[in-house]
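User: I am new to this structure and would like to learn how to read it. Please take me through it one feature at a time.

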Amino acid sequence: FSIAPSINAAGRLEDMREGVLCLTTDDTVMAKYYADRLKEINTARKDLQGEMIREAEQIVEETDVGSAKGVVVYKENWHSGVVGLVASRLKENLYRPVVALAPGSEGSTELRGSCRSIPGFHLRDALALVDSRNPGLMKKFGGHAMA
């Protein structure tokens, strides 16, 4: 259980290949190198996640979402690999659907997002409805009822 979050963090922030190399190398020195590297990346992910969650909570507090049916948060410096964790935490705290967005890539005007929902609100169907009413707004989307 301790290595899985580190491998996952590599995929979120950098390159998943380091996790694969860590698990498949026969060289113990290289395995230790990759394991240490994965640990560093996971520590950075935890720090970034904590900062982004604090910022998202501040956005929600300053916006006063009141009785809103859902919440959308965005910040121009957020990392797209971590927005799903932010959406999940906000959904738990607010008990309503949450969309968290980050810039898609450097210099792009596109946003990349992640959504989390609650029982009774089918998120994938809601995104399909938004897409049908606003063609071209979303380049692509996917998921299921809860995410």
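**Reading the model step by step**

Analyst: The protein chain's secondary structure amounts to 5 helices and 3 strands. Starting at the N terminus, these elements follow the order α-α-α-β-α-β-β-α. This is a predicted model, and the chain has an average pLDDT of 93, with 99% of the residues scoring at least 70.

User: Which element of the protein chain has the lowest mean pLDDT, and which the highest?

Analyst: Helix 1 has the lowest, at 90, and strand 1 the highest, at 97.

User: What box do the C-alpha atoms of the protein chain fill?

Analyst: Along the principal axes, the box is roughly 55 × 35 × 30 Å. For one distance inside the chain, take glutamate 76 and glycine 143: they are 67 residues apart in sequence, and 24 Å separates their C-alpha atoms. As for contacts between residues at least 6 apart in sequence, 51% join residues at least 24 apart.

User: How do I read burial, and what share of the residues counts as buried?

Analyst: A residue is called buried when its relative accessible area is under 20%, and exposed when that area is over 50%. Of the chain's 147 residues, 29% count as buried. Serine 6, in helix 1 (residues 3–13), is buried because its relative accessible area is 9%. Apart from neighbours within four places in sequence, serine 6 makes contact with Leu38, Lys39 and Asn42. Glutamate 76 sits in the loop between strand 1 (71–74) and helix 4 (83–94); its relative accessible area is 57%, so glutamate 76 is exposed.

User: How is an aromatic pair described, and how many does the structure hold?

Analyst: A pair of aromatic rings is described by two values, the distance of the centres and the angle of the planes. The structure holds 1 aromatic pair. The pair is formed by tyrosine 33 and tyrosine 34, with 5.3 Å from centre to centre and 65° between the planes. Planes over 60 degrees apart count as edge-to-face, so this pair has that label.

User: Are tyrosine 33 and tyrosine 34 buried, partly exposed or exposed?

Analyst: Tyrosine 33 has 45% relative accessibility and so counts as partly exposed. Tyrosine 34 has 14% and therefore counts as buried.

User: What is there to note about phi of aspartate 64 and of tyrosine 95?

Analyst: Phi of aspartate 64 is near 55°, a positive value in a residue other than glycine. Aspartate 64 belongs to the loop between helix 3 (28–63) and strand 1, and its relative accessible area of 62% makes aspartate 64 exposed. Phi of tyrosine 95 is also positive, near 45°, and this residue too is not glycine. The loop between helix 4 and strand 2 (98–103) holds tyrosine 95, which counts as exposed at 53% relative accessibility.

User: Which lining residues lie nearest the centre of the largest pocket?

Analyst: Among the 36 residues of the lining, Leu101, Arg112, Gly113, Met138 and Lys140 lie nearest its centre. Sorted by class, the lining has 18 nonpolar, 11 polar and 7 charged residues.

Definitions and conventions:
Residues are numbered from 1 along each chain as its sequence is written. This is a predicted model: local features need pLDDT of at least 70, side-chain atom pairs count only at pLDDT 80 or more; totals for chains, interfaces and linings use all residues. Side-chain values use heavy atoms; hydrogens and water are left out. Rings of Phe, Tyr and Trp (its six-membered ring) pair if their centres lie within 6.5 Å; planes under 30 degrees apart count as stacked, over 60 as edge-to-face and the rest as tilted. Buried means under 20% relative accessible area, exposed over 50%, partly exposed in between (1.4 Å probe, protein chains only). Helices (H or I, at least four residues) and strands (E, at least two) are DSSP runs, numbered from the N terminus. Contact means heavy atoms within 4.5 Å. pLDDT is the predictor's confidence in each residue, from 0 to 100. On a 1 Å grid over the protein atoms alone, a cavity is a set of points where a 1.4 Å probe fits but cannot get out, and a pocket is an open set with protein on both sides within 12 Å along at least five of seven lines; lining residues have an atom within 4 Å of a point. Ala, Val, Leu, Ile, Met, Phe, Trp, Tyr, Cys and Pro count as nonpolar, Asp, Glu, Lys and Arg as charged, and the others, Gly among them, as polar.
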